[in-house]
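Could you walk me through this protein, starting from the overall build and moving on to individual residues? A friendly tour with the criteria spelled out would be welcome.

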Amino acid sequence: QIRDALVRELKDGEVLAEWHLNTAEVLEERAGKRAAQMAGTLAHHYAEANDDAKAVEWSLKAAEYALSTFAFDDAMTFARRANRHLPNAGAPPSVAATADVLLGRSRFAAGNIGEARAFLEGALDRVDKENAPDGYGELQVWHARWCLVLGAHRAGQQAAERALMVLADNDAPVAVGRVLIARGELVVDEEPEKARADAERA
C-alpha cells in the first residue's frame, strides 16, 4: 500500500517536479568540488523541476565539463538543453551567446565542420552584439577557426574586420581582443607582422 501511494504521488506532475527540485537543491548543496562532474545530473533535475534558469545554468556548466573531457556529443546535448530552456529563463543576452558558443565549439570539436559553419554563421547573425559583445567576440574566434580548417582565410578575415567595425562603438576590450586574436590566427602564415601587431593590440 505504501508503494502504491508513492507511485500515485510520483505520477502527479507537481509532486514529481517538487521531488526533482528538492533532489537538485540537496545535490547542489553537497556537490562541493565535484560540482562540475555533477552538472549534468543537476541540469536534468532542474529541467524536470521546471526551473528554467537553473536548468540553463547547469546545462552550460555540464557542456563546459563535457568539452573539457572530450565528450563532444554530450556537450552538444547539454548546450541544446540550455537553448531549449533559455526563452523562459529570463537570462541576459550574454547567456544566450554563451550557449551558442558552446554548441558551436562542441560541433566543431566533434568534427561536424559543415554543421559548425552553418550554426556559427547563424549565431553571429542573431547574437545581441550590443548587449553581449564578449559572446560575439568568442563566436568570431570559433568562426575564424572554422575558416582556417576549410582554408577560407579571406572570408574569415573579412568577417573579423566586420566584427571590429561593429565593436568599435562598444566599450568591449575583451571582445575586441578575441577578434584580433582570431584575425591574427588567419593571417599568421601570409602576414606574420600583421598577426604580431594584432596579438600586441589584443
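## Ground rules

This is a predicted model, in which local features need pLDDT of at least 70 and side-chain atom pairs count only at pLDDT 80 or more, while totals for chains, interfaces and linings use all residues. Residues are numbered from 1 along each chain as its sequence is written, and side-chain values use heavy atoms, with hydrogens and water left out.

## Overall build

Let us begin with the whole chain. The protein has 11 helices and 0 strands, where helices (H or I, at least four residues) and strands (E, at least two) are DSSP runs numbered from the N terminus. Read from the N terminus, the order of elements is α-α-α-α-α-α-α-α-α-α-α. Along the principal axes, the C-alpha atoms fill a box of roughly 75 × 35 × 30 Å.

Of the 202 residues, 42% are buried. Here buried means under 20% relative accessible area, exposed means over 50%, and partly exposed lies in between (1.4 Å probe, protein chains only). A contact means heavy atoms within 4.5 Å. Among the contacts with a separation of 6 or more, 52% come from residues 24 or more positions apart.

## The nonpolar core

A nonpolar core is a set of buried Ala, Val, Leu, Ile, Met, Phe, Trp, Tyr and Cys residues joined through side-chain atoms within 4.5 Å. The largest one has 57 residues, and Leu-60 and Leu-139 are those with the most contacts inside it. Helix H4 (residues 52–68) supplies the largest share of this core, 8 residues.

What does Leu-60 touch, leaving aside its neighbours within four places in sequence? Its partners are Ala-82, Val-95, Thr-98, Ala-99 and Leu-102.

## Helices H7 and H8

Next comes a helix pair. The axes of H7 (residues 113–126) and H8 come within 10 Å and cross at roughly 145°; axes are lines fitted to C-alpha atoms, for helices over the stretch in contact, and angles run from 0 to 180 degrees between N-to-C directions. The crossing of H7 past H8 is left-handed, a term for a near helix turned anticlockwise from the far one by less than a right angle, with clockwise giving right-handed.

On the H7 side, the residues that take part are Ile-113, Arg-117, Leu-120, Glu-121, Ala-123 and Leu-124. They meet Tyr-136, Leu-139, Gln-140, Trp-142, His-143, Trp-146, Val-149 and Leu-150 in H8.

## Aromatic pairs and charges over rings

Rings of Phe, Tyr and Trp (its six-membered ring) pair if their centres lie within 6.5 Å; planes under 30 degrees apart count as stacked, over 60 as edge-to-face and the rest as tilted. A search of the whole structure finds 2 such pairs. Phe-70 and Phe-72 are edge-to-face, at 6.2 Å centre to centre with 90° between the planes. Phe-70 is exposed at 63% relative accessible area, whereas Phe-72 is partly exposed at 22%. Phe-108 and Trp-142 also form an edge-to-face pair, with 5.6 Å between centres and 70° between planes. This pair links distant parts of the chain, 34 residues apart, with Phe-108 in helix H6 (residues 93–109) and Trp-142 in helix H8 (residues 133–150). Both Phe-108 and Trp-142 are buried.

A charge sits over a ring if NZ of Lys or CZ of Arg is within 6 Å of the ring centre and within 35 degrees of the ring normal. The charged end of Lys-61 is placed this way over the ring of Trp-58, 4.2 Å from its centre. Arg-126 lies over the face of Phe-119, at 5.2 Å from the ring centre.

## Individual residues

His-45 belongs to helix H3 (residues 35–48) and is buried, at 10% relative accessible area. Beyond residues up to four places away in sequence, His-45 touches Trp-19, His-20, Thr-23, Ala-24 and Leu-27. Met-76, in helix H5 (residues 72–85), is buried at 5% relative accessibility.

Two loop residues complete the tour. Asn-50, in the loop between H3 and H4, has a positive phi of about 65° although it is not a glycine, and Asn-50 is exposed at 59% relative accessible area. Phe-70 lies in the loop between H4 and H5, and its phi is also positive, near 65°.
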